[in-house]
Amino acid sequence: MNIKTNSTWELMRHCDPQGSVRSPLLFLIYINDLAFTIRKYATSVLFADDTSIIISRSNVTEFKNVLSLVINDIVTWCKNNLLTLNLEKSQFMQFLTNHQKIIDTQVIVMDIVIPNTTSIKFLGLLLDNKLMWKAYSRELAIKLNKACYAVRAIKSLVSLEALISIYFSYFHSLLMYGIIFWGNSPVSKDIFKIQKRAIRIIANKCRCESCKHLFKRMKILTLPSQYIFSVLVFVVENRDLFMSNRDIHSFNTQNSFDLHLPSTYLTFVQRGVLYSGCRVFNSLPAHIKSCSENSRHFKKILKNYLIEHSYIFNLIFMVPCIMYQFL
């Protein structure tokens with residue numbers, strides 16, 4: 001049966017057909033000025049139709065006033081642009097250090113109370129309000145354990161090369177996501193144990209056997225080495241975010257070409273990519289540092305160096321420096 005039907009043409013005034021190729025571009029253009037609306041008070045992070053607003057104030061009263069202003073401006077902007085906030089999916093979270101107390105406040109938008117939360121999903125990463133990454137590590141561990149099971153299930157059916165390929169396409173892709181943020185947190189040691197289990201499964205070794213030679217033989221970076229690699233690539237590809245010591249002073253010292261460390265005493269700030277990136281880069285051998293102008297060549301030399309040495313991150317974060325030891 002061949003039935004042909006035709007719908008009548010209608011004039012579209014405020015939308016674009018669903019699934020249209022141009023829809024994402026037009027939507028981004030449409031909401032482009034939202035960030036400028038609140039830039040005096042807050043920082044906005046836009047990704048497609050997800051919008052995150054970051055407000056930072058040291059004074060509690062000022063924080064509450066700015067929060068109220070930002071909410072009013074966003075509501076007004078949405079009304080003027082014929083958009084509706086999805087309040088059911090909106091959440092409010094306060095980032096705190098271990099010694100800070102949570103600010104007692106409620107976020108009310110159009111008579112609806114936005115729930116306070118201690119963890120939130122942001123672009124696939126589960127953030128907690130103290131950036132300890134415990135919730136994310138539990139979620140990641142479940143996914144990686146499933147990947148280990150998948151590798152174990154097909155181990156007897158495919159070759160070693162195929163298993164390594166499956167490792168990179170399944171396990172490694174999960175491990176890599178957002179590693180520059182959580183890779184040097186205390187919970188990363190639990191993820192590292194799962195990675196070693198996966199390597200032993202691939203190599204058909206018992207769980208008490210050392211993995212050092214297995215990582216080298218398969219040319220796979222350990223989790224700590226992968227963190228170091230990812231952070232250093234970020235540093236090299238974003239040098240405009242970092243200053244060297246010679247940018248701070250004009251003295252011709254031994255470390256004048258090293259990156260300048262941001263001034264901070266907070267441990268959770270020191271775990272951040274900007275601080276850790278400077279630390280790790282300054283610890284590199286001179287012959288690797290000298291290649292940092294050529295990103296492609298730098299990645300190749302750095303990866304070979306890390307595979308050869310199989311470094312493991314020292315997870316004692318109370319010390320003021322980054323240390324390494326052999327696996």
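How are H5 and H7 oriented to each other, roughly parallel or roughly antiparallel? I note before answering that I am working from a predicted model.

**Helix pair**

I looked up the axes of helix H5 (residues 160-176) and helix H7 (residues 188-203), and found that they come within 10 Å and cross at roughly 165°. Angles over 145 degrees count as roughly antiparallel, and H5 and H7 are therefore roughly antiparallel to each other. I also noted the hand of the crossing of H5 and H7, which is right-handed.

I then listed the residues that make this contact: H5 contributes Leu160, Leu163, Ile164, Tyr167, Phe171 and Leu175, while H7 contributes Ile191, Ile194, Gln195, Ala198, Ile199 and Ile202. Sorted by class, the contact of H5 with H7 holds 11 nonpolar residues and 1 polar residue, with no charged residues.

**Salt bridges**

How many salt bridges does a search of the whole structure find? My search gave 3 salt bridges, and I took them in turn.

I began with Arg57 and Glu62, whose side chains meet in a salt bridge at 3.2 Å, N to O. I checked the accessibility of both partners: Arg57 counts as partly exposed at 29% relative accessibility, and Glu62 is partly exposed as well, with a relative accessible area of 37%.

I went on to Glu139 and Lys121, which form a salt bridge in which the closest N and O atoms are 3.4 Å apart. Glu139 sits in helix H4 (residues 134-154) and Lys121 in strand S5 (residues 119-122), so this pair ties together parts that are 18 residues apart in sequence.

I finished with Glu237 and Lys299, whose side chains meet in a salt bridge at 3.1 Å, N to O. Here Glu237 belongs to helix H9 (residues 223-237) and Lys299 to helix H14 (residues 295-309), so the pair ties together parts that are 62 residues apart in sequence. For accessibility I wrote down 47% for Glu237, which counts as partly exposed, and 30% for Lys299, which likewise counts as partly exposed.

Note on methods
Residues are numbered from 1 along each chain as its sequence is written. This is a predicted model: local features need pLDDT of at least 70, side-chain atom pairs count only at pLDDT 80 or more; totals for chains, interfaces and linings use all residues. Side-chain values use heavy atoms; hydrogens and water are left out. Axes are lines fitted to C-alpha atoms, for helices over the stretch in contact, and angles run from 0 to 180 degrees between N-to-C directions. Helices (H or I, at least four residues) and strands (E, at least two) are DSSP runs, numbered from the N terminus. Angles under 35 degrees count as roughly parallel, over 145 as roughly antiparallel, 65 to 115 as roughly perpendicular and the rest as oblique. A crossing is left-handed if the near helix is turned anticlockwise from the far one by less than a right angle, and right-handed if clockwise. Contact means heavy atoms within 4.5 Å. Ala, Val, Leu, Ile, Met, Phe, Trp, Tyr, Cys and Pro count as nonpolar, Asp, Glu, Lys and Arg as charged, and the others, Gly among them, as polar. A salt bridge is a side-chain nitrogen of Lys or Arg within 4 Å of a carboxyl oxygen of Asp or Glu. Buried means under 20% relative accessible area, exposed over 50%, partly exposed in between (1.4 Å probe, protein chains only).
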